[in-house]
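Dear colleague,

I am passing on the structure we spoke about, placed just below, and my notes on its contents follow. Please read them with the coordinates open beside you.

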Amino acid sequence: MKIAVIGAGAAGLVAAGSAKGAEVTVFDHSDKVGKKIYITGKGRCNFTNVCDSETFLSNVVNNAMFLRGAIARFSPNDALNLMNQNGCKTKVERGRRAFPQSDKASDVTKALVKYAERNGAEIRLYSDIKDITPNNNGFTVRYIGGSGDFDKVIVCTGGLSYPVTGSDGSFWEIIKKLGHSMIPPKPSLVALETREDLSGAEGLSLKNVTLNCGKHSIFGELLITDNGISGPIALTLSAFMSREKYPYDISIDFKPAMTDDELDSRLIKDFGNNINRQFKNALDFLLPKSIIPYIIERSGISPNKQVNSVTKEERKRLAHTVKHFELTVTGNAGFDRAVVTSGGVDVRQVNPKTMESKLVRGLYFGGEVLDVDALTGGYNFHIALATGYTAGAAAVNS
């Protein structure tokens, strides 16, 4: 059996390795295998999250149930085993996040290439696919410099995030031509831009704050940027809101461990210790210095007012501002800086047990090209591994 795998990323390489016994050719239009892997996890490559399937699926933002079979077939422990058995020693860190022991993403790429090549897969770079045409016996794949006939085709061409790595969505038109619907792509796990200018606090890292937006309340670390917010909880919110229209309102709670009344009591204590100081100089023990001017402006209290002149009503207003610092999100940093793509092949047209198209027999999908995406923590990379594995194993056994 001859199988063509389109895309030499994580999903494509695992698909090639799991198609045991088949004659597999992996095509990639780039000059290097696994380009996106090298920048994953800031070059360390958090390749899975070692948790049970229910915990895993609870971290999938779109179409979690579609992935249930793939995660059962190829679990996080299977990912650890694959890496270790192919020369990449692993470790598990805080949050159950798995990394190569070396902290080098290149070791993950080498392991995946080894896994594919152990099955005899041939990897062809600089091979831009021009067309895929179904025929009576399978498919004709036309690429730069020639064409070939294959019994099965597995598409693992990725989304649109980090297009510099080759994941640019250029293959999506061919997928549409084969009859599939594509859910419009949106950047996910990406920095958010706000209407309000907080550039005076650019670079400020806030720990143990809560970001609120509608039903979403996300606790953790936040980073103030030159034009908005980033950091773990901002990226998480971007995933939840990736398909919502801009603008939308959010708020930051700088002191989530305190109720409004407890914060008011803290302010009374701090003001009592700084009774002869000006208001603008009395918040240093409560908040980071660079954010204080914005809090003061929102509170409506004169910065030069003596602390002992601040009224109860003003103090209550200040407490409310600290716990409900409102911002308006107007956009995001785009695909160039997005970790993953939200959108892709409509999973209603794909068999979740095999990753085979319900519309075109012998056509399979794996990885970010599918309309599935998750939060940070190794989940998205593992989705690529699990769906690629499922597609490869199913293609050779069908």
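Ile132, leaving aside residues up to four places away in sequence, touches Ile6, Phe139, Thr140, Val141, Val153, Phe171, Ile174 and Leu178. Please bear in mind throughout that this is a predicted model. Ile132 belongs to the largest nonpolar core, a set of 83 residues, in which Ile132, Leu112 and Leu370 touch the most other members. Helix 11, which covers residues 379–397, gives the most to this core, with 10 residues. Apart from it lies another core, made up of 42 residues, with Leu198, Leu263, Phe279 and Phe325 among them. As general background, nonpolar side chains in soluble globular proteins tend to be buried together.

Turning to charged pairs, a search of the whole structure finds 22 salt bridges. One of them joins the side chains of Lys36 and Glu368, with 2.7 Å from N to O. Because Lys36 lies in the loop between strand 2 (23–27) and strand 3 (48–49), and Glu368 in the loop between strand 20 (363–365) and strand 21 (373–374), the pair ties together parts that are 332 residues apart in sequence. Of these two partners, Lys36 is partly exposed, at a relative accessible area of 21%, whereas Glu368 is buried, at 17%.

Arg68 forms a salt bridge with Glu54, where the closest N and O atoms are 2.6 Å apart. Here Arg68 lies in helix 3 (residues 68–73) and Glu54 in helix 2 (residues 53–58), so this pair ties together parts that are 14 residues apart in sequence. Arg68 counts as partly exposed at 34% relative accessibility, and Glu54 likewise counts as partly exposed, at 45%. In the salt bridge between Lys130 and Asp128, the closest N and O atoms are 3.6 Å apart; Lys130 is partly exposed, with a relative accessible area of 41%, and Asp128 is partly exposed at 26%. Arg44, Lys91, Glu93 and Asp103, finally, are linked in a network of salt bridges.

The second largest pocket holds about 190 Å³ of space. Which helix gives the most to the lining of this pocket? Helix 4 does, with four residues, and both helix 4 (76–85) and helix 5 (105–118) supply at least two residues each. The lining includes Lys20, Phe74, Asp78, Tyr115, Arg118 and Tyr389, and by type its residues divide into four nonpolar, four polar and three charged.

With best regards

Technical notes:
Residues numbered from 1 in each chain as written. Predicted model: local features only at pLDDT ≥ 70, side-chain atom pairs only at ≥ 80, totals over all residues. Heavy atoms only, no water. 1 Å grid on protein atoms, 1.4 Å probe; cavity = no way out; pocket = protein on both sides within 12 Å on 5 of 7 lines; lining within 4 Å. Points joined across faces, edges and corners; volume = space filled by probe spheres on them. Nonpolar A, V, L, I, M, F, W, Y, C, P; charged D, E, K, R; others polar. Core = buried A, V, L, I, M, F, W, Y, C linked by side-chain atoms within 4.5 Å. Buried < 20%, exposed > 50% of the residue type's maximum accessible area, 1.4 Å probe, protein only. Contact = heavy atoms within 4.5 Å. Salt bridge = Lys/Arg side-chain N within 4 Å of Asp/Glu carboxyl O.
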